Structure formats: structure tokens, C-alpha cells
Amino acid sequence: MQALVARAIESAHIAGANRIIVVDDGSADDSAMIAEKHGATVIRQANSGAAAARRTGAKGSTATYLIFLDADDQLLAPGVKESLLLLESNVGSPAVGGAVVGVMPNGKTTRLKSHYSNSISTADLLSKGFGPWPPAAAVVRRLDYLKAENQFPNKLTTDYAEDFEMFIRLSMIGKILKHDVPAAKYRMFDGKSSKDYLKPIMAKERIVEYYGQALKLPHTVMSGVDIRLASHTRAIRTMIARAEYGKLILLIVKSLAFDPKINFLGVKKGVQKFIKRDEK
């Protein structure tokens with residue numbers, strides 16, 4: 001992680017960041033020291049999660065625009081530049097994001113397919129059930145972010161899918177815009193959401209239901225069986241990407257033995273049905 005922090009900071013420098021703030025969310029290694037060595041301002045806090053770390057960073061900044069960059073991701077200067085140009089010419093938009101380059105566990109890269117149009121509303125987000133990008137791919141107006149934090153309805157602040165909730169709240173201020181210039185590299189099948197296959201999906205469904213009801217917008221919530229099937233889909237995709245074939249065989253055996261509603265045919269259908277809802 002320490003080496004990744006340095007790489008992330010360097011990518012922010014290359015992308016033209018005026019100031020880099022690193023929120024040390026209770027780390028136990030030398031990441032904070034390395035961040036300072038590479039020119040970042042470090043704010044330390046007890047471990048509070050991704051949403052709290054972003055809020056701390058935003059409050060510690062005076063910039064007009066923010067990018068929330070995770071330690072294992074990288075910014076791509078051309079896409080960041082395009083996002084800034086669009087924000088400057090579309091004053092009613094709280095955020096603009098670009099294309100994402102996925103980095104697989106074996107180091108290979110692939111441009112990720114987007115399932116959103118170039119103008120994204122709250123209804124769009126609730127309908128699809130997942131965010132348009134990882135946070136690093138979007139440039140956000142700082143004042144709009146702070147406004148979004150405090151508007152109705154109150155935040156859920158789940159342990160997973162925090163970025164999905166952030167984009168929903170931003171979209172309540174104005175349409176989020178998208179372009180096709182690569183703006184970030186994102187490590188695929190990594191991080192906490194790739195270690196727990198069920199909780200991230202449950203969190204996203206909770207967010208969809210909460211904001212759909214609060215804002216009286218159309219939304220669809222998955223059934224319990226569908227959630228389990230989506231969880232198995234995510235697990236299978238992750239294990240194949242990591243070449244963890246022993247874990248994959250064990251998962252299938254356990255599924256057939258203890259959850260008869262999840263079988264080979266069901267998993268195949270699940271991959272096809274939920275691949276769009278299981279983006280991150």
C-alpha cells in the first residue's frame with residue numbers, strides 16, 4: 001500500500017493538482033510519512049471509513065474542484081483536463097467524470113464499458129443501481145459536495161457503496177456529466193468490496209430503496225434470492241480474475257449443498273442479469 005500511495009500522489013501531480021491532501025484514516029504503516037515526503041498535506045484521524053475520510057479532506061481544502069483518489073488508483077491527466085473544461089462550461093453540474101481504465105490482478109488493462117449516458121440524473125442512478133465510476137474518475141465542485149452532504153434526506157453512511165451514495169446526493173443538486181476521455185486507472189477485483197461479496201450488494205440495495213422512497217422516484221429492489229445470486233456472480237468473477245480456482249470450486253460445492261436455489265444454471269443467468277448492477 002505504501003508504494004501505491006506514492007504512485008497515486010505522483011499521478012495527481014502529473015494531472016495538475018494544486019494541492020494534494022491525504023487523509024490518514026488510522027493506517028498502521030508508513031503511508032502518511034511517504035505521502036508527506038511526496039509533497040502531500042496529511043490529515044490524520046482515527047479509522048472512520050471512506051465517506052468520513054472524503055468529508056475530512058473536503059473540509060480541509062479551499063479548492064474550487066476536488067478529486068477523491070483512493071490510494072491504489074491513478075489519475076490520467078487528459079481525462080481530468082476534459083472534466084475541468086466541462087465543469088467550467090456547465091456551471092449547474094456538480095461533477096463531471098471520464099472513462100475508466102481497469103487494471104486486472106495480472107496487470108493487464110482494459111477500458112471499462114460505461115452504462116450511462118453523458119447526462120446522469122438521480123433517477124438514472126436509482127434505476128441502474130450502481131455508480132457511474134469509481135470516485136477517482138470524477139472532478140467534483142467542492143461547494144456542491146459540501147452542500148450535498150447536508151441536504152435532505154439525511155445520509156445513510158453505509159460501510160459499503162459510499163461512492164454510490166455520494167453520486168446520488170450530488171445528482172440531487174444537478175445533472176452529473178460524463179465524457180469518454182480516460183480520467184483514471186482503477187484496480188479491479190481488489191479492496192474491501194472484493195473481499196466481502198454480499199455486503200456491498202446489500203448496501204447498494206439499501207441505498208436504492210432509501211433514496212427511492214425518500215425522493216419518491218421509481219426504483220426496483222432485488223429479492224433475497226436475487227441478492228444471493230448477485231453475490232455469487234461477484235464472487236465467481238473475482239475468483240476467476242485472481243485465478244483462485246480452488247476457492248471457486250469450494251464456492252460452487254458449498255452453494256449446491258447449502259443453497260439449492262443457487263446452481264450452475266442460476267449462476268450463469270446471474271452473470272448475464274446482474275453484470276450491469278455489479279460494477280463496483
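Helices (H or I, at least four residues) and strands (E, at least two) are DSSP runs, numbered from the N terminus. The structure is a predicted model, in which local features need pLDDT of at least 70 and side-chain atom pairs count only at pLDDT 80 or more, while totals for chains, interfaces and linings use all residues. Residues are numbered from 1 along each chain as its sequence is written, and side-chain values use heavy atoms, without hydrogens and water.

Gly60 lies in the loop between α3 (50-59) and β3. Gly60 is partly exposed, at 26% relative accessible area (buried is under 20%, exposed over 50%, partly exposed in between; 1.4 Å probe, protein chains only). Beyond residues up to four places away in sequence, Gly60 touches Arg19, Ile21 and Ile43 (contact: heavy atoms within 4.5 Å). Its C-alpha atom is separated by 15 Å from that of Ala50, 10 residues apart along the chain.

Strand β3 (residues 65-66) pairs with β8 in the antiparallel sense over 2 bridges (pairing requires at least two DSSP bridges between two strands). Here Tyr65 stands opposite Arg141. Strand β5 (residues 95-103) also runs antiparallel to β8, joined by 3 bridges. Gly97 stands opposite Ala138. Both faces of β8 (residues 138-141) are covered. Ala138 and Val140 are buried on one side, Val139 and Arg141 on the other.

The largest nonpolar core has 50 residues (a set of buried Ala, Val, Leu, Ile, Met, Phe, Trp, Tyr and Cys residues joined through side-chain atoms within 4.5 Å). Trp133, Phe167 and Leu170 have the most contacts inside it. Helix α7 (residues 162-171) gives the largest share, 5 residues. Apart from this core lies another of 6 residues, among them Tyr197 and Leu251.
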